[in-house]
Amino acid sequence: MLVTLVIILITAGVSIAAFKNVHLLEKLILWPPPIQKKGEWWRLLSYGLVHADGQHLLFNMITLFFFGSAIAQIFTARLGLLGFPLFYASALLVSILPSYLNNRNNPRYRSLGASGAVSAVMFAYILLAPWSLILVFFIPVPAIIYAIVYTAYAVMAQRQGGSNINHNAHLTGGAYGVLVTMILLPRAFPLFLEQLAHPHFLGL
């Protein structure tokens, strides 16, 4: 729980500061020219600390709060104290790489938001407990249903475009979260299929 809250607090603090400070936003957002010409490779991670607006930030941080604590416990138990932070940071990197590589010569391309890493955490959890119930606006919803809606939103939003939010990162991050969890817990996928076949609703 603590490591998840620390990530949420840091992300929220930097994002809120960047809402009021354009210079800070420009320094952290993923933008190819400074990476290609100045070697500002930190942008491949720092883009996850800034968000388009309050709604974007809130949506990501609530989702991370729902799923992060349980996954953090698993990664900490398996990999030690830095297990979950490293998983989260690597998810930020992996989820943005396809978009960055496709746009590395595009000076108009910009991307921001922690969606890729949040998706990795969410889908890792769903792989382990697909029928767990979470509260969405005080309504209990099975985790796997939430994931389906979340993914559908990402796909539709990506097609519409019009913002710096990289919705493709949702999908890449989700796939990465599932892959890493299956490597860490080889029995996770057979158990996932078994749980799908036998729905059993549990509180988060």
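This is a predicted model: local features need pLDDT of at least 70, side-chain atom pairs count only at pLDDT 80 or more; totals for chains, interfaces and linings use all residues.

A salt bridge here is a side-chain nitrogen of Lys or Arg within 4 Å of a carboxyl oxygen of Asp or Glu.

Start by selecting arginine 43 and glutamate 40. They form a salt bridge, with the closest N and O atoms 2.8 Å apart. Are these two side chains buried or exposed? Arginine 43 counts as buried, at 4% relative accessibility. Glutamate 40 counts as buried too, at 8%.

Lysine 27 sits in helix α2, while glutamate 40 is in the loop between α3 (32-38) and α4 (43-46), so the pair ties together parts that are 13 residues apart in sequence. Lysine 27 is partly exposed, with a relative accessible area of 36%. With Lys27, Glu40 and Arg43 all selected, you are looking at a network of salt bridges.

Next, select glutamate 26 and arginine 110. Their salt bridge has its closest N and O atoms 2.5 Å apart. Which parts of the chain does the pair link? Glutamate 26 belongs to helix α2 (residues 22-28), and arginine 110 to the loop between α6 (83-103) and α7 (115-128); these distant parts of the chain put the two residues 84 residues apart. Color both by accessibility: glutamate 26 is partly exposed at 28%, and arginine 110 is partly exposed at 23%.

Key
Residues are numbered from 1 along each chain as its sequence is written. Side-chain values use heavy atoms; hydrogens and water are left out. Helices (H or I, at least four residues) and strands (E, at least two) are DSSP runs, numbered from the N terminus. Buried means under 20% relative accessible area, exposed over 50%, partly exposed in between (1.4 Å probe, protein chains only).
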